[in-house]
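Hi everyone, thanks for making time.

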Amino acid sequence: MNNGFKTGFLWGGATAANQCEGAYNEDGKGLSTQDVMPQGIMGPITEVPTEDNMKLVGIDFYHRYQEDIKLFAEMGFKVFRLSIAWSRIFPKGDEMEPNELGLEFYDKVFDECLKHGIEPLVTISHYETPLHLAKAYDGWRNRKMIGFFENYVRTIFTRYKDKVKYWLTFNEINTLLHAPFMSGGIMTPKEELSKQDLYQAIHHELVASALATKIGHEIMPDAKIGCMVIALPIYPLTPHPDDIIKMMATDRSNLLFSDIHVRGQYPSYAKRLFEENNVHIHMEPGDEEILKHTVDFISFSYYSSACETADQDKKASQGNILLGTKNPYLKASEWGWQIDPQGLRYVLNTLYDRYQKPLFIVENGLGAVDELVEGPDGRKTVMDDYRIQYLNDHLVQIREAIHDGVDVMGYTTWGCIDLVSASTAELKKRYGFIYVDRHDDGSGTLKRYKKKSFEWYKEVIATNGESL
Ligand code: BG6
């Protein structure tokens, strides 16, 4: 068997604007939902940005992007996934004219990537709706959001059409059901939202995503536009048929999103799902036509698998934003996320069997507490063998999936440079190949240090995976 990874495989790393840029109010940027979420998903929403919010400074990527991209280039990155902060381009979200300084910032970032031969892979909306849209419209519950989003995507596609070829519409679009404020800018408290409210908001996002794909293909005929979902393979906790049926239902509630993006229509199983939850999607004339603008590829994050059971007494949550029952055969990270490299092979195969479209793993990695120590050469570093092990194990399974016949476009590790966590808003949960000296009490020099995994990943990329 050959090595598996094709020539031109897109190796790289991933970030999101709100978790690394900082500069939350510089150069005309408006506030985003993340600026008022100092404790992450479970915490309170504050009236105004508060000093304890680590994202206000992030890792100061806004001022240090040149140094950071140079380090990515040193590792040999072919692609760098980043997101555009919507509120840098449209500070309130509903104005017609963009903020030129915001546009200029991303021009500089993309130029820097291209200078180093790195393709930018851009997430258009990564968990940061302009705060004004959340407050004045209740975010994606309001159909007007489609128009604001259309204006935003037209602006960025037109501006960056010669610099960016790979685009993703909404980060982890299947999380809106679970984290409506972070994922959909919906101010109404989750407990007060009905399934009807949530699925209608999802419909608005799905139409907006398909519309972006349509507009993107018109403005940039050579661009590749993908959807982005959390991939969470679901195993039955037992072979009991009740568990199998429960697993099927949970699986479908996640797959609904990629099904629509890839097939251009609601799947047949949606009818029963909606009936049982008393959901009636309000479609405007033309929505069905717009949904037919399907994606070029499917991208996803993968951190964990989960089990499903019909037995309420056996449910025990673990995982990322989508929670599932613990698997008795798997170990977990320090944050309790279960580690399952083979689950990645499995999910690659199931998605490819289902869609026969190229797949892109745009997030995967281990959040861990790292310790800066003196390395063998006397320089400060982190001896993160645990991270190397995690990533190596997952890449081996990607190679297996490629041998199984799956078309994999690329792989970007999450948080290739340490950044602020999305779920808990801490910096002590680190994912990077590059350590950033900043701590949850706000202290630190922001200096960057290469971890042991930096050299490991450099070798993986240089050998196109032979070194695994
Ligand atoms: C994904 C998000 O859910 O997981 C990222 O797209 C996030 O924004 C990543 O950072 C890891 O989660 P966390 O909570 O450890 O930051």
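One cut-off before we start: I call a residue buried if 20 or more other C-beta atoms lie within 10 Å of its own C-beta. And please keep in mind that this is a predicted model.

With that in hand, look at strand β2, residues 79–83, where five of the five residues are buried. In a regular strand, side chains alternate between the two faces of the sheet. Here V79, R81 and S83 point one way, F80 and L82 point the other way, and all are buried.

So what sits beside β2? Strand β1, residues 10–14, runs parallel to β2 and is joined to it by three bridges; G12 stands opposite V79. Strand β3, residues 119–125, also runs parallel to β2, with five bridges between them, and V122 in β3 is the bridge partner of L82.

Now, F80 comes back when we turn to the largest nonpolar core, which has 135 residues: F80, I84, F300, L348, L359 and I398 touch the most other members. Helix α8, residues 195–219, supplies the largest share of this core, with 10 residues. Take I398: beyond its neighbours within four places in sequence, its contacts are L344, L348, I361, V408 and Y411.

Zooming out, the protein chain has 14 helices and 16 strands, and 51% of its 468 residues count as buried.

Note on methods:
Residues numbered from 1 in each chain as written. Predicted model: local features only at pLDDT ≥ 70, side-chain atom pairs only at ≥ 80, totals over all residues. Helix = DSSP H or I, 4+ residues; strand = E, 2+ residues; numbered from the N terminus. Buried ≥ 20, exposed ≤ 12 C-beta atoms within 10 Å, placed from the backbone. Core = buried A, V, L, I, M, F, W, Y, C linked by C-beta atoms within 7 Å. Contact = placed C-beta atoms within 7 Å. Pairing = 2+ DSSP bridges.
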